[in-house]
2 protein chains.
Amino acid sequence: MATSRERDDPLLLDRQICFPLYAATNLLNRRYGPVLRPLGLTYPQYLVMLVLWEEEPQTVGSLGARLYLDSGTLTPLLKRMEAAGHITRSRDPDDERRVVVGLTEKGRALREQALHVPETIASGRTPEGIEELGNSVRKLVALLADQNSKA
Amino acid sequence: MATSRERDDPLLLDRQICFPLYAATNLLNRRYGPVLRPLGLTYPQYLVMLVLWEEEPQTVGSLGARLYLDSGTLTPLLKRMEAAGHITRSRDPDDERRVVVGLTEKGRALREQALHVPETIASGRTPEGIEELGNSVRKLVALLADQNSKA
DNA sequence: ACAATTAATATTGTTCGCAATATAATTTCC
DNA sequence: GGAAATTATATTGCGAACAATATTAATTGT
């Protein structure tokens, strides 16, 4: 009889593409934690700062579009960042539905310290072809985002 | 003066390898949700079932080692799965520190329905070289897990 | 044998992440 | 110009995910 360990079993954990992505994300998040803690940021908060350091101000919606997160996630996260003094939140006078997110001086200054983060994370052996891997996952993200938006 | 938009800025969001992994995981989780809901499973619960369908019973520790999760995550998750009737939890009589996790009949039967999950998720266009991508991410996971354990 | 150490899991507190829903402002369309 | 539809954000409720700590059982050293 067929067992659950057959090579062509579609449910083998090691055949799931999703699982290594899930595991890598958890492991990376665990690695970023101690590095970002001295900056007073969590990993998703760090991503918000990366976006704001590139372009500021942004609306909640534009941040969500860039990071693939919705307001249910962003609103409380941004409130915590506001309480920590990193960002400002205010209604757009021209369209009161929008909330405009900007950097405080403290938030802008934090960029200097954050410059060390990437190399700190990458210290130690970096796997072969990490650049190519990044590009492949970016394509996957684009495809998933496109398919999700159509569904 | 140097702006934050320079091509070699280490803080550009699009240069971060971590971000596409994070985004892909979120997008995939969002896609699995509706597919798994009829089975009464969340995505991490589905992963636990995949492991148990391969080999049963398992301890909390062996599940955590396989999925790169600790007891703080697994204990409440397994309790919810027990409450849902998918699994059993009991102390190992030979070593009362261990909690042994097994499948109920309902949990075993669920495998039939789960057989359709992978193809349902993969329906639609699959990106070029998805196999190779899986292997690359698996290598990254192995490296990260190794480095984290040594730290 | 028994105190000290180690191992396995559980608990607590905080922060995501999302679906579903609610609220309020703006556009559209007649 | 005003009702209806749309847009943008917020709220609620639930399920992860993890650090730090606690609890209990097994193992080790003397």
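Predicted model: local features only at pLDDT ≥ 70, side-chain atom pairs only at ≥ 80, totals over all residues.

Modeller: Let's begin with what counts as an element: helices are DSSP runs of H or I with at least four residues, strands are runs of E with at least two, and both are numbered from the N terminus. Strand S2 (residues 87-92) of chain B, for example, holds Arg91(B). Residues are numbered from 1 along each chain as its sequence is written, and chains are lettered from A and ligands numbered from 1 in the order in which they are written.

Chain A has seven helices and three strands, arranged along the sequence as α-α-β-α-α-β-β-α-α-α. Of its 151 residues, 46% are buried (under 20% relative accessible area, with exposed meaning over 50% and partly exposed in between, for a 1.4 Å probe and protein chains only).

Now to the helices. Helix H1 (residues 18-36) of chain A packs against helix H1 (residues 18-36) of chain B at about 130°, and their axes are 9 Å apart (axes are lines fitted to C-alpha atoms over the stretch in contact, and angles run from 0 to 180 degrees between N-to-C directions). That angle is why H1(A) counts as oblique to H1(B) (under 35 degrees is roughly parallel, over 145 roughly antiparallel, 65 to 115 roughly perpendicular and the rest oblique). Their crossing is left-handed (the near helix is turned anticlockwise from the far one by less than a right angle; clockwise would be right-handed). Among the residues in contact are Leu21(A), Leu28(A) and Tyr32(A) of H1(A) and Leu21(B), Leu28(B) and Tyr32(B) of H1(B) (contact means heavy atoms within 4.5 Å). By class, this contact has 12 nonpolar, two polar and no charged residues (Ala, Val, Leu, Ile, Met, Phe, Trp, Tyr, Cys and Pro are nonpolar, Asp, Glu, Lys and Arg charged, and the others, Gly among them, polar).

H1(B) also packs with H2(A), at about 115° and with axes 12 Å apart. This crossing is left-handed, and the contact joins Tyr43(A), Pro44(A) and Leu47(A) of H2(A) to Cys18(B), Phe19(B) and Tyr22(B) of H1(B). Its residues are six nonpolar, no polar and no charged.

Within chain A, helix H2 (residues 43-54) packs with helix H3 (residues 60-67) at about 115°, their axes 11 Å apart, so H2(A) is roughly perpendicular to H3(A). Here the crossing is right-handed. Leu47(A), Val48(A), Val51(A), Leu52(A) and Glu54(A) of H2(A) meet Leu63(A), Arg66(A) and Leu67(A) of H3(A), giving six nonpolar, no polar and two charged residues.

One more residue ties in with this picture. Leu140(A) sits in helix H7 (residues 130-150) of chain A and counts as buried because its relative accessibility is 7%. Beyond its neighbours within four places in sequence, Leu140(A) is in contact with Leu21(A), Ala24(B), Pro127(B), Ile130(B) and Leu133(B).

Note on methods. Heavy atoms only, no water.
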